[in-house]
Protein chains: 2
Amino acid sequence: VSDSVHAAGTTGPRRPGRPATGFPIRRREIVEVAMRLFAEHGYQNTTVAQICEAADLTKGVLYHYVKSKEELLAAVFDSYTIPTLEAFEALMSGEPPFADQLREASRLMVRTITTNLDAVRIVERELPLLRSDDPQWSDSRQRMRRIDQMVRTLISDGIEAGEFAPMDPALGAMAFWGMHNNISRWYGPKWEGRLDDISDTFMRVLTHGFGVEG
Amino acid sequence: VSDSVHAAGTTGPRRPGRPATGFPIRRREIVEVAMRLFAEHGYQNTTVAQICEAADLTKGVLYHYVKSKEELLAAVFDSYTIPTLEAFEALMSGEPPFADQLREASRLMVRTITTNLDAVRIVERELPLLRSDDPQWSDSRQRMRRIDQMVRTLISDGIEAGEFAPMDPALGAMAFWGMHNNISRWYGPKWEGRLDDISDTFMRVLTHGFGVEG
């Protein structure tokens, strides 16, 4: 079993008579089923048996694709943190003015959160677990730290350049993250088609606050 | 048993030979023990047996003070929503300028959240439960709606008065709540003594954004 798992893995050699993409595609489907259940019932309250039933496969087959429920949670975290970090890295290699970069970061987060709602809800709810020292999600933990650090650096660079008001960059970053991460709490069907409205309002608040001046 | 519960309740007549304050004080102690356990392990993962053990009392005695674990959760919600609504009502009866009211609302929330951390963390984590139709916490649910409505009204009044930039007041309120509710996620011992710093930074962001102008 162990051999066949490796042989069918994304980086392993192709197994004769089996499509090379079968394993990762089926695995991604299982992760998506688990994500939906975790988002609906909570990670702790979801059993492997429920995942098997929803994915219509036996435990034996499930364990062919993933080692444990923890590995499924790690995959859910990855599905959010990998593309988000990549997008932030592309964004942050840009040039001043820093207010434009901040606006772009805001637009990016509105889009990323609303298109990864289940994953974000799970990240938000399982934040104490994600922050714990468990090595199973240390990659996602480090990616989240790097994203946070990029926002702090953007704010402190903007302050240093005289573009942003003097403040503790950590607190500025908390204000940024609070506004955006909270979207996963209230976003629903009635906001679909209004992504630009959300972005524009948040960008306006971030750069000028509520006041009409400035 | 039912009689003695009523006789010892906060509004019932005093029972001879027993201090009138005994019941509510002991009940509050039990709520505080439950709150600590809910905050640490999550509401779903905490059993009545664990609450009894931590409070050093038998189930029989516990059920003399509270009917159920749900009643304890309702009491935790109340402990946060009752004083917060009262403080907001006092605040909102103030006069323009609306920016001053918004700043006061921000200062109030920083203070309220950091002094009710456990309750806020439980509210945040159990928001889907609090928002559900369960009549056990309909009072807290209505209080939270009224508080949110007050912030929306403040923003729309400020817009109407030409003091705030035109925006969807609901989105403005989401930005406000996101920044503040998120405090419960990152606030810890190292921030103690820096409440004014948090308040000042958030008020600055709310009224002027990150920019130096305005």
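How many residues does the contact take from chain B and from chain A?

Reply: Happy to. Please keep in mind that this is a predicted model. The contact draws 44 residues from chain B and 44 residues from chain A. Between them, the two chains bury about 3700 Å², with 63% of that on carbon and sulfur atoms. On the chain B side, the residues that lose the most area to chain A are B:Leu171, B:Arg185 and B:Phe210, which together account for 23% of what that side buries.

Now for the polar part. Four salt bridges are counted between chain B and chain A. One of them pairs A:Arg194 with B:Asp168, whose closest N and O atoms are 2.8 Å apart. The count of residue pairs in polar contact between chain B and chain A, with both residues at pLDDT 80 or more, is 11.

As for where the chain B side comes from, helices H7 (117–125), H8 (127–131), H10 (169–181), H11 (183–186) and H12 (195–208) of chain B each supply at least two of the residues that touch chain A. H12(B) gives the most to that side, with nine residues. By class, the residues of chain B that touch chain A divide into 21 nonpolar, 12 polar and 11 charged. B:Leu171, one of the residues that lose the most area to chain A, falls within the range of H10 (169–181) of chain B, and B:Arg185, another of them, lies within H11 (183–186) of chain B.

Notes. Residues are numbered from 1 along each chain as its sequence is written. Chains are lettered from A and ligands numbered from 1 in the order in which they are written. This is a predicted model: local features need pLDDT of at least 70, side-chain atom pairs count only at pLDDT 80 or more; totals for chains, interfaces and linings use all residues. Side-chain values use heavy atoms; hydrogens and water are left out. Contact means heavy atoms within 4.5 Å. Buried area is the accessible area (1.4 Å probe) that two parts lose on being put together, summed over both. A salt bridge is a side-chain nitrogen of Lys or Arg within 4 Å of a carboxyl oxygen of Asp or Glu. A polar contact is a pair of N or O atoms within 3.5 Å; within protein, one must be able to donate a hydrogen and the other to accept it, and residues adjacent in sequence count only if both atoms are side-chain atoms. Helices (H or I, at least four residues) and strands (E, at least two) are DSSP runs, numbered from the N terminus. Ala, Val, Leu, Ile, Met, Phe, Trp, Tyr, Cys and Pro count as nonpolar, Asp, Glu, Lys and Arg as charged, and the others, Gly among them, as polar.
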